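Let's walk through this one with a few questions. Have a look at the chain, then try each one before you read on.

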Amino acid sequence: MSKQFDVIVIGAGPGGYIAAIRAAQLGMNVACIDEWKNAAGGAAPGGTCTNVGCIPSKALLQSSEHFEHANLHFADHGITATGVKMDVAKMIARKDNVVKQNNDGILYLFKKNKVTFFHGRGSFVKAVDGGYEIKVTGKAEETLTAKQVIVATGSNARALPGAAFDEEQILSNDGALAIGSVPKKLGVIGSGVIGLEMGSVWRRLGADVTILEGLPTFLGAVDEQIAKEAKKAFDKQGLKIELGVKIGEVKAGKKGVSIAYTNAKGEAQALEVDKLIVSIGRVPNTTGLNAEGVGLKLDERGAVVVDGDCKTNLPGVWAVGDVVRGPMLAHKAEEEGVAVAERMAGQHGHVNFNTIPWVIYTSPEIAWVGRTEQQLKADGVKYKAGTFPFLANGRARALGDTTGMVKFLADAATDEILGVHIVGPMASELIAEAVVAMEFKASSEDIARICHAHPSLSEATKEAALAVDKRTLNF
Ligand SMILES: Cc1cc2nc3c(=O)[nH]c(=O)nc-3n(C[C@H](O)[C@H](O)[C@H](O)COP(=O)(O)OP(=O)(O)OC[C@H]3O[C@@H](n4cnc5c(N)ncnc54)[C@H](O)[C@@H]3O)c2cc1C
């Protein structure tokens, strides 16, 4: 006997579990299926984000930042900290506990919202009268049916051709978040968000980290001025970043991993490391879904093809998050999940792709929303720019963290904010104000005239807005 639901969500990452909760809030009878297992084989909902992504990476970034502060910065405050040691096993255990708290939190939210959770793999069986039959393969096998299905099956790390992940020496994000002791030499291929964050963690703990990047420019998607400022800070920290390289043979042996590559000048180079993190992007995941069995259309990357509303080619089947087009970000997946649930309920769910914030949780943090200066130039938009350095911000001085700046870009004629770019302390939190401002189509003058608490880092945001009109008060 199959169990009947209004909606079946396949995948309980941020896209899936949030869609399930919102659909339940809107009165639908919802099932959510997820196959992720914790070390004990139990359910671990939350997807990549909770288990091997956003949450554990931020836990390790926090631990390693404390370690670095104790070693390098406590003395500035008059605190003597001698013999500071890092117990890596304890740091990893703490990270695992943070992950577990999030897994348990989602299971609690499912109960609270009356979402029925199934632990196992969900796959399409067939279309049935006005809906779909989905098989759950877990400890027990179950058959579910529903009129509406949301595919939220996420993504997997992309491997380098010829260098499969063994998670011992050649690591994806999974292995990078579970290294048992600080490697002497760590290689990272790819200087994107994950490469920089993971490279930072292990550098702070004492590893000699080299990041190899194929592209000739550092953080090409980031505003150039901001990327340059960030690069300066990373260079100072000793994070070695080589741009414009071409990776050749990667060989894992008893002693470590050797990477043959040519540098930007075309010279042959070799890098020997104890471990190598490969962070060259992620691929949409539809493994085991039996998409082909029901004719669910995928593109050449393996992503589920959707329209602007996240509708697939099959009536009643939707897809959200990393498994579809668009930025692979947890909050983008969540917004799509909410919007789809609301559309199913006949409401007008909406995701504004122009105001999705981006954050890199390095030190300094990098965060932005909207267009970069180079994009505005390419689009032929006339704009005004204003910047304010944290060096001139009282709170940043008190924190002892004055690297970076806030940058505003506003339309030259209307003053509407077109982009805000931050490199510096707590950029991840500061960016929220810019997102709200852009969502409400604020002008830089609006932000400049709003009272910001003193002393706060957010005053740098106000000052950067003032700088658009060349009237900063503190610089
Ligand atoms: C190291 C790292 C750090 C990151 N940091 C950030 C960050 O700071 N901020 C940010 O916004 N994003 C970050 N991301 C990206 C973020 O994790 C993803 O964008 C997000 O998890 C996508 O959510 P999702 O729901 O689409 O998919 P996922 O989180 O991948 O979840 C998909 C779920 O579906 C399950 N599943 C797949 N197929 C089936 C099936 N057939 N049956 C049952 N279950 C199935 C999977 O097991 C998984 O649990 C990071 C990623 C990594 C790897």
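Q: Which residues does F234 touch, not counting residues up to four places away in sequence?
A: This is a predicted model, where local features need pLDDT of at least 70, side-chain atom pairs count only at pLDDT 80 or more, and totals for chains, interfaces and linings use all residues. Numbering runs from 1 along each chain as its sequence is written, and side-chain values use heavy atoms, leaving out hydrogens and water. Touching here is a contact, meaning heavy atoms within 4.5 Å. By that rule, the partners of F234 are L196, F218, L239, I241, T362, S363, P364 and I366.

Q: How many residues are in the largest nonpolar core?
A: A nonpolar core is a set of buried Ala, Val, Leu, Ile, Met, Phe, Trp, Tyr and Cys residues joined through side-chain atoms within 4.5 Å, and buried means under 20% relative accessible area (1.4 Å probe, protein chains only). L196, W202, F218, L219, F234 and I366 touch the most other members. The total for this core is 36.

Q: What is the distance from an oxygen atom of the ligand to an N or O atom in the side chain of K58?
A: A polar contact is a pair of N or O atoms within 3.5 Å. Oxygen atoms of the ligand also lie 3.2 Å from a polar backbone atom of C49 and 3.2 Å from one of L329. For the side chain of K58, the distance is 2.7 Å.

Note on methods. Buried < 20%, exposed > 50% of the residue type's maximum accessible area, 1.4 Å probe, protein only. Polar contact = N/O pair within 3.5 Å; in protein donor to acceptor, adjacent residues only side chain to side chain.
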